[in-house]
Every structure is written in structure tokens, then in C-alpha cells.
Amino acid sequence: MGTSLTLAAWSDDEFGSASFAASTFAVESQTAPGSWAAHEAANPVTLLFNATAMSPGLSQYAYVDIRTTSATTIGGTATLSAVSAATGGLLPALEYRVVATATGTTCGAGAFASQTYTGSLAAGAGVPTASGPLGTASATPVRFCFDVRVKPGTASSFQGNTASATWVFTSTSSS
């Protein structure tokens, strides 16, 4: 024969729940105050250089401002990452430099301090290093200021030539 023993016990459960949502990260750019928009490869923003009568050693300046969109919930970094397209007979004679500064900074010789020309628009050339922080929800835009010139001592055979270039700015979220 066997015996059985039944133990009575009280029991109570606790539950925890959570909701999850991914952050959002998108950027937009402008080259003139008040015209923020997304500019993709097929529709790049036009940098406003006054570069229709360039000559050796004469700098031309332009800027592009980049910020996160108002719906962005996380900060990050914007970086000049490549020249995606460059064409024209003047390319081998062009050189440039770029700095990342706060928006509102005048894009001119004073923005470059002692920085030298390290960029070339010739085929296969690397890009100078330039990056800046981006805040959330349109806060803390970064300005990329460019100084492009025809190299001093460029041969007269480049007179009348033209060129165009498209730079790529890669923005990455901070986490």
C-alpha cells in the first residue's frame, strides 16, 4: 500500500511588458538659407560657386549645409566620402580643399586657416578628410565649405575648358 501526500501552496504571478521602436535617421541639405530638402544622387544640391571665369590661383568658394530631418530621433556624423562623378577637360587642372564648420560660418579664405589643397578632381583621386556632428531633429547642422581653384602655373592650353563634379556626403547615425 502506498500513501500520498498533497501539499497546498499559494501562488501569484507578475508580468512585465515592453514596447520597442527603431530610431529614425535621415538627412537633408541646403546651399541657400531656407531651402532644406533631400538631395539624392539623381538630384544633387547645386553648390553655388562663382566659377565661370576661373584662372590659375584664384579661389572660388561655396558651401553645402547638412542636417538631420525634423523626424530624426538620433544624432550622427556627416562626412565627405567621395566624388561620384567628375567630367570635363578642366578636371586635371583643378584642386580643392574642404572644411567642416558650424553653419553660419562665412565660406571664404578665413575658414581654411593653414589647410593646404589636398583634393584633386582628376579621375581616381581621393577626397580630403572632412566631417562634423549632426544633432537630432534638425539640430546642429554642419557646413562643408569648399575652396576650388585652378592650380597655380596651369598651362594656357586649359583656357576655355570646363568641368563639373558631384561630391558624396555620407551621414551615419551615432548608434
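Predicted model: local features only at pLDDT ≥ 70, side-chain atom pairs only at ≥ 80, totals over all residues.
**Pocket, threonine and rings**

Biologist: Is T31 buried or exposed, and at what relative accessibility?

Modeller: The cut-off for buried is under 20% relative accessible area. T31 falls under that, so it counts as buried, at a relative accessibility of 10%.

Biologist: Which backbone oxygen does the side chain of T31 reach?

Modeller: Leaving aside neighbours within four places in sequence, T31 is in contact with V45, T46, L47, L48, Y63 and V64. One of these contributes its backbone oxygen, which the T31 side chain reaches at 3.2 Å. That residue is T46.

Biologist: On to the largest pocket. Which strand gives the largest share of its lining?

Modeller: The pocket has a volume of about 1,000 Å³ and is lined by 41 residues. β1 (27–30), β7 (142–150) and β8 (164–173) each supply at least two of the lining residues. The largest share is seven residues, and the strand that gives them is β8.

Biologist: How many residues of that lining are charged?

Modeller: The lining has 24 nonpolar residues and 15 polar ones. Among the residues nearest the pocket centre are F49, A165 and W167. The charged residues in the lining number two.

Biologist: What kind of pair do the rings of Y96 and W167 make?

Modeller: A search of the whole structure finds seven aromatic pairs. In the pair of Y96 and W167, the ring centres are 5.4 Å apart and the planes stand at 70°, so the pair is edge-to-face. It links distant parts of the chain, with Y96 in strand β4 (residues 94–102) and W167 in strand β8, 71 residues apart. Y96 is buried at a relative accessible area of 0% and W167 is buried at 13%, and the kind of pair they make is edge-to-face.

Biologist: And what kind of pair is F144 with F169?

Modeller: The ring centres of F144 and F169 are 4.9 Å apart. F144 lies in strand β7 and F169 in strand β8, 25 residues apart. F144 counts as buried at 0% relative accessibility, whereas F169 counts as partly exposed at 22%. The planes are at 45°, so the pair is tilted.

Biologist: Which residues do ring pairs link into a cluster?

Modeller: Y96 and W167 are in it, and F144 and F169 belong to it too.

Conventions
Residues numbered from 1 in each chain as written. Heavy atoms only, no water. 1 Å grid on protein atoms, 1.4 Å probe; cavity = no way out; pocket = protein on both sides within 12 Å on 5 of 7 lines; lining within 4 Å. Points joined across faces, edges and corners; volume = space filled by probe spheres on them. Helix = DSSP H or I, 4+ residues; strand = E, 2+ residues; numbered from the N terminus. Nonpolar A, V, L, I, M, F, W, Y, C, P; charged D, E, K, R; others polar. Buried < 20%, exposed > 50% of the residue type's maximum accessible area, 1.4 Å probe, protein only. Polar contact = N/O pair within 3.5 Å; in protein donor to acceptor, adjacent residues only side chain to side chain. Contact = heavy atoms within 4.5 Å. Phe/Tyr/Trp six-rings, centres within 6.5 Å; stacked < 30°, edge-to-face > 60°.
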